[in-house]
Amino acid sequence: MDAAARRFLEDPHAMNCPWVESPFFDQLLEHAQLTPADAALARKFHEDGYVVLEPAAEESLIDEVLAEYPRLFDPRSEFPEAPVELRELLKRDPSRKQDAWYVSDPVRRLACHPSILRVLKLLYMREPIPFQTLNFVPGTEQSLHSDAMHFSSIPARFMCGVWVALEDATPENGPLRYVPGSHKYSEVQLDHLGLWGEDAGAKLGASYAQYEKYLEALVELHDLPVKQLTVKKGGALVWAANLVHGGSPILDKSRTRKSQVTHYYFENCIYYTPIFSNPALGEIYLRSIYDIHRRRQVPHMLNGTELKAEPLGGGRFRLRR
Ligand SMILES: O=C(O)CCC(=O)C(=O)O
Ligand SMILES: [Fe+2]
């Protein structure tokens, strides 16, 4: 093999694809010379599409986040320090708070926890960009999905989620559920299902409902195992963009399942929402990405080049070099 071909086996950046999802993963792992613990973590993520961190953060920080809950979830809280759109977002849903990091330092510190960022850097070998936090009181009972339909990137798969238990997650309080290995299925786009991007709105519509049916069929037909994340307070799941996951039914409705999710992108990508896009037509619903860690807006880039976005209306853009 000549040197140019060998680069694919040695350089984790040779392909525009996370090295843990590369067809050359085994060779790249050998070449990376990681500690045995890090090598095992990378292999687990490669094979199963997730890793469990037990714990992800120290109990004192989890307690600091919990101490914020009464204020964050008090319907009388006004959050005057937040910009107007965020204030509305924070007041919208009484059981979940999106982007509370802006008004809560402990929430932000958990999203940017050095040991979580270290793991993400190892798994993606690019700078992680925490861009959204979600704080939950009860379990979500959310249907199975992969985050890649909500938050994708070009090149694909440079996105992951981290869910942290703020209290013990048990089979009774609607723990996170996930399908090991499902990240290896193709990252299904709407055009694979014969569908068009939806118009962005408050609720997801018919295309998304079809997509959910597709996943239901996939999981049932292949008899894929659905695992529950039962971890102690402070435990966490890191999952790949395309891993199928959701919330389990809450068996004991009197129980809460306080948790914090952070969604992360990685640098040098285009960030967009597939469910509202028609990539084949060059209609990309771009996401405005603010890096919670470095406190700065992130440009849309491809191959190291910052792109210009031409608005097409409805939040869709066409990108140019
Ligand atoms: O917390 C859950 O039950 C699901 C959360 C989820 O799917 C997500 O935040 O991406
Ligand atoms: Fe999700």
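Predicted model: local features only at pLDDT ≥ 70, side-chain atom pairs only at ≥ 80, totals over all residues.
Colleague: Which residue of β11 is the bridge partner of L134?

Modeller: Some terms first: helices (H or I, at least four residues) and strands (E, at least two) are DSSP runs, numbered from the N terminus. Two strands pair if DSSP finds at least two bridges between them. In β11, L134 has as its bridge partner V261.

Colleague: What is the order of the strands in the open sheet of six?

Modeller: The pairing in this sheet is antiparallel. The six strands run in the order β1-β9-β6-β11-β3-β2.

Colleague: Why do β1 and β2 each have one side without a neighbour in the sheet?

Modeller: β1 spans 50-53 and β2 spans 96-98.

Colleague: What angle does helix α3 make with β1?

Modeller: The sheet itself has a twist that averages 20 degrees from one strand to the next. Helix α3 (residues 36-48) packs on the sheet and touches β1 and β9 (236-240); contact requires C-beta atoms, placed from the backbone, within 7 Å. Axes are lines fitted to C-alpha atoms, for helices over the stretch in contact, and angles run from 0 to 180 degrees between N-to-C directions. The direction of α3 makes with that of β1 an angle of about 135 degrees.

Colleague: How many residues of β6 are buried?

Modeller: A residue is buried if 20 or more other C-beta atoms lie within 10 Å of its own, exposed if 12 or fewer, and partly exposed in between, with C-beta atoms placed from the backbone. M159, G161, W163 and A165 point one way from β6, and C160, V162 and V164 the other. β6 is largely enclosed by the rest of the structure, because its buried residues number seven of the seven.

Colleague: Which residue of β11 is the bridge partner of V162?

Modeller: β6 and β11 pair in the antiparallel sense over seven bridges. β11 is mostly covered, with seven of its eight residues buried. There, the bridge partner of V162 is T262.

Colleague: Which residue of β9 stands opposite V164?

Modeller: V164 stands opposite Q260 in β11. β6 also pairs with β9, antiparallel and over five bridges. In β9, the residue opposite V164 is A236.

Colleague: Which element gives the most to the shell around ligand 1?

Modeller: There are 14 residues around ligand 1, and T140, Q142, G161, G247 and V261 come nearest; a residue is near a molecule or strand if its C-beta atom, placed from the backbone, lies within 6 Å of it. Two or more residues each come from β3, β6 (159-165), β10 (244-247) and β11. The most, three residues, come from β10.

Colleague: How many residues of the shell around ligand 1 are charged?

Modeller: Ala, Val, Leu, Ile, Met, Phe, Trp, Tyr, Cys and Pro count as nonpolar, Asp, Glu, Lys and Arg as charged, and the others, Gly among them, as polar. The shell has five nonpolar and eight polar residues, and its charged residues number one.

Colleague: What distance separates the centres of domain 1 and domain 2?

Modeller: The chain is divided into domain 1 (1-33) and domain 2 (36-270), with bounds from an automatic or database domain assignment. Taken over C-alpha atoms, their centres are separated by 28 Å.

Colleague: How many residues does domain 2 give to the contact?

Modeller: Domain 1 gives 10 residues to the contact, and domain 2 gives 11.  The touching side of domain 1 divides into seven nonpolar, two polar and one charged. For domain 2, the number is 11 residues.

Colleague: Is P23 buried or exposed?

Modeller: P23 lies in the loop between α1 (3-10) and α2 (25-32). Because it has 10 C-beta neighbours inside 10 Å, P23 counts as exposed.

Methods: Residues numbered from 1 in each chain as written. Chains lettered and ligands numbered in written order. Contact = placed C-beta atoms within 7 Å.
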